[in-house]
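Subject: Structure for your files

Hello,

My notes follow below it.

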Amino acid sequence: MTSTGRRRTFVAGALLGSLLLSSCVIGSDSDSTSNDSNASDGEVSGTITFQTWNLKNDKFTPYFNDLIASFEKENPGTTIKWVDQPAEGYQDKLSADAAAGSLPDVVDMGPEAAYTLAQSGVLLDLSKEDPEAQDQYLDKAWEAMTFEGLGGGTYGYPWYLNTGPSFYNKELLQKCGLDPDKLPTTYDELFDQAETMAENCDDVQMLARMPAIENFGEYGVQLMNEDGTEFTYNNAEGVKFVERFKDLYADQGLTEESLNNLQTTEVEEFKAGRLAYLPGSSYTLNDLKDTAPEVYENVAIGPRINNGSPNMYIESLVVNAQSEHQALAKAFAKYVTDSSNQLEFAKKADVFPSSAGTLDGPYFTEDDGTPATQVRVDSAAQVKEAVVWWPPAFSGSADAETLREQIAQALLGDKSVQEALDASVEYSNERLEANG
Amino acid sequence: MTATAPRATAQRTTARGGFPRWRSGRSLRRRDRLATHRWFLTPWLFLAPALTVIVLMVLVPFVNTLQLAFTDSTLLRTGDFVGLDNFRKMFDDERFSTALLNSTLYTVCVVPVMVVLPLMLAALVASTPRLAGFFRTAMYLPVIMSPVVVGLIWTNMLDKQGLVNELAATLHIVSEPFPFLSDRWLLLFSAMFVTVWMGLGYYMVIYLAALVNIDRSLYDAAAVDGAGTIRTFLDVTVPGVRSTMALVALLSSVAAFRVFGEIYVLTDGTGGVGGGDLTMTMLIQREGTGLQARTGYAGAISLVMFVILGGLLLAQLAVQRKQRNS
């Protein structure tokens with residue numbers, strides 16, 4: 001091929017590349033928001049897509065099919081397409097949908113995912129578009145979906161809540177010189193007992209995981225500034241908290257594996273009878289009963305460890321700001337999260353409703369004497385004191401991974417605790433700013 | 001070939017074809033032009049499917065990455081041009097230096113093993129024709145297994161309560177289990193072992209094909225000269241497959257530098273204790289995925305990785321050329 005031919009080919013290729021590239025760039029630019037969409041106050045009609053994660057199975061499918069059928073019956077002319085996907089890597093799936101501009105109309109997600117999407121203008125601000133909905137939910141649940149860092153907008157209808165007690169292996173406590181009748185309630189008590197266990201036993205531990213951001217909150221560390229625009233957990237209280245882990249590691253109360261363990265490993269270790277303490281949820285007890293009956297026989301249940309308020313998690317239903325049927329999307333999301341539907345779902349899923357007043361019903365207040373009911377009633381009472389400690393701006397696994405890695409480096413002696421937390425805070429602030 | 005060649009060929013063809021005299025000169029020229037166009041278009045039409053895939057799947061993402069590397073883009077926000085900021089940030093990022101060190105070490109350790117060990121196995125298999133089929137299948141089996149499955153198998157094997165440690169304890173080799181999955185360096189070397197185990201069969205098959213091409217008379221001559229197994233291997237087999245060794249070095253070095261699956265699975269996706277086993281690809285994955293993905297920064301790391309790999313390939317090609325010339 002001559003140079004002219006080569007040039008022509010190159011130019012053709014470059015043109016084609018540029019065209020495709022520009023289309024990609026245009027496609028990925030979702031800075032613009034369609035909050036002004038006139039679909040917001042429209043008629044409740046049309047077809048929308050409802051996205052959930054890991055809920056299409058024998059246990060939940062009948063519930064959702066009935067829910068959708070009854071909504072469609074009450075609202076003639078509406079069709080709800082229910083889409084369910086595996087929860088693994090759900091943020092990646094959401095990001096692909098959001099980047100492609102194909103986010104479903106109503107999506108089940110946590111506040112940490114909602115925050116980033118809201119930052120990009122992809123989600124409907126309910127404090128403007130549906131402010132009266134606030135009365136339908138517990139104040140703390142509504143507040144958990146209200147993001148101070150984004151000007152105080154609310155970006156999701158609160159759905160279910162989850163919190164739970166602490167579980168202990170009584171046999172291990174006794175074996176290692178601890179009294180199962182004196183279970184710890186604060187972090188300092190927990191660390192003291194973990195130290196005692198480390199002194200008396202070398203093959204089992206009290207703790208098997210590095211603290212996550214919500215544990216910092218439970219310890220009493222201020223996680224962000226008042227505006228919600230910067231992380232602050234590298235303060236003196238944060239350093240003090242991690243120092244306790246460092247001391248415990250030095251006293252061999254934590255294994256090297258525990259510096260890198262995820263929650264799944266922590267649960268496995270407890271089920272295997274090698275771990276004495278497990279912060280659980282309302283369905284942990286049934287899980288232990290089914291999958292680790294020997295441990296279940298020896299389990300003691302105590303309050304969730306905290307120095308002020310226990311942690312709880314929240315799941316919400318967000319509405320796509322670009323939905324062509326926003327009125328329908330809002331109506332459906334509110335229907336799913338209303339008191340009766342949340343109660344029914346909570347019974348099936350062993351979670352707690354975020355709708356106002358539902359927790360005062362007999363299902364969450366009357367103890368029939370069985371361990372499962374006791375856990376449910378105690379956890380429901382705990383919801384009233386609990387706080388969603390995980391800051392929504394602490395988004396994605398990268399922040400959590402960095403925090404865990406930095407703490408591990410501090411425990412290994414590669415850097416001081418202060419340096420480790422400074423590095424983690426700097427990383428999270430950088431990411432927050434980059435997406436701002 | 002020059003651009004004028006097709007036209008000349010077309011003219012000759014038409015002249016030899018002997019068009020009927022009553023056709024006008026204009027009609028001849030038109031037919032001539034059509035033939036030229038057909039000659040020009042045909043190869044492009046054959047190439048079109050492959051070219052489309054390459055342009056869409058390789059060229060466009062590459063150009064896009066190149067462009068992103070100089071911006072502060074995130075997944076959901078088109079960023080601004082920031083010059084070399086991403087690269088400056090990268091060289092201050094301790095995770096980048098860890099990842100670069102791990103990927104480099106991986107390449108340095110894995111490639112020599114990948115070049116030599118499969119060759120030795122191939123020579124061994126080739127020398128036992130009766131068992132060649134069995135060995136080929138047995139050694140190739142890990143190649144067709146998913147890296148995730150392989151990783152899970154080895155995770156269970158290398159765990160504190162896994163088969164290897166239990167065996168070592170039973171045989172009283174150690175009093176404490178080996179921290180294969182928690183010690184930074186042990187984990188890295190465990191992952192290298194898994195990579196070698198997975199890749200042996202693939203490269204062995206390549207070597208087996210190359211061994212067939214070595215002239216048998218050279219082995220006969222070596223035997224007549226009294227050369228032993230090792231001498232024959234070094235003086236006949238190795239020179240006979242030198243170009244294949246270069247190819248294997250090339251392929252395995254690229255694969256080793258881009259290691260992801262083995263470490264990802266062995267560390268449960270975490271990059272090891274304190275992130276000490278992060279590799280370049282894992283870092284790119286961490287920065288470039290998720291809702292808060294910093295695509296600009298991830299693009300810059302990808303670009304650096306591309307330059308390193310490109311340099312590695314060019315160096316290997318230069319060595320190869322030098323060897324050929326000498």
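What pLDDT does chain A average, and what share of the residues score at least 70? This is a predicted model; chain A averages 89, and 91% of its residues score at least 70. Over residues 1-40 of chain A, however, the pLDDT is below 50, although this stretch has 52 contacts in the model beyond near neighbours in sequence. Where pLDDT is low, the predicted coordinates should not be read in detail.

On overall form, chain A contains 19 helices and eleven strands. Along the principal axes, the C-alpha atoms of chain A fill a box of roughly 80 × 65 × 45 Å. Of the 436 residues, 47% are buried. Among contacts in chain A with a separation of 6 or more, 76% join residues 24 or more positions apart.

One residue I looked at is A:L223, in the loop between α9 (213-219) and α10 (236-250) of chain A. A:L223 counts as buried because it has 20 C-beta neighbours inside 10 Å, and 20 or more is the cut-off. Leaving out residues up to four places away in sequence, A:L223 touches A:I213, A:F216, A:G217, A:F231, A:T232, A:Y233 and A:P391. The C-alpha atom of A:L223 is 9.7 Å from that of A:F394, which is 171 residues away along the chain.

For chain B, the domain assignment gives domain 1 (4-52) and domain 2 (89-325). The C-alpha centres of these two domains of chain B lie 51 Å apart.

Regards

Methods: Residues are numbered from 1 along each chain as its sequence is written. Chains are lettered from A and ligands numbered from 1 in the order in which they are written. This is a predicted model: local features need pLDDT of at least 70, side-chain atom pairs count only at pLDDT 80 or more; totals for chains, interfaces and linings use all residues. pLDDT is the predictor's confidence in each residue, from 0 to 100. Two residues are in contact if their C-beta atoms, placed from the backbone, lie within 7 Å. Helices (H or I, at least four residues) and strands (E, at least two) are DSSP runs, numbered from the N terminus. A residue is buried if 20 or more other C-beta atoms lie within 10 Å of its own, exposed if 12 or fewer, and partly exposed in between; C-beta atoms are placed from the backbone. Domain bounds come from an automatic or database domain assignment.
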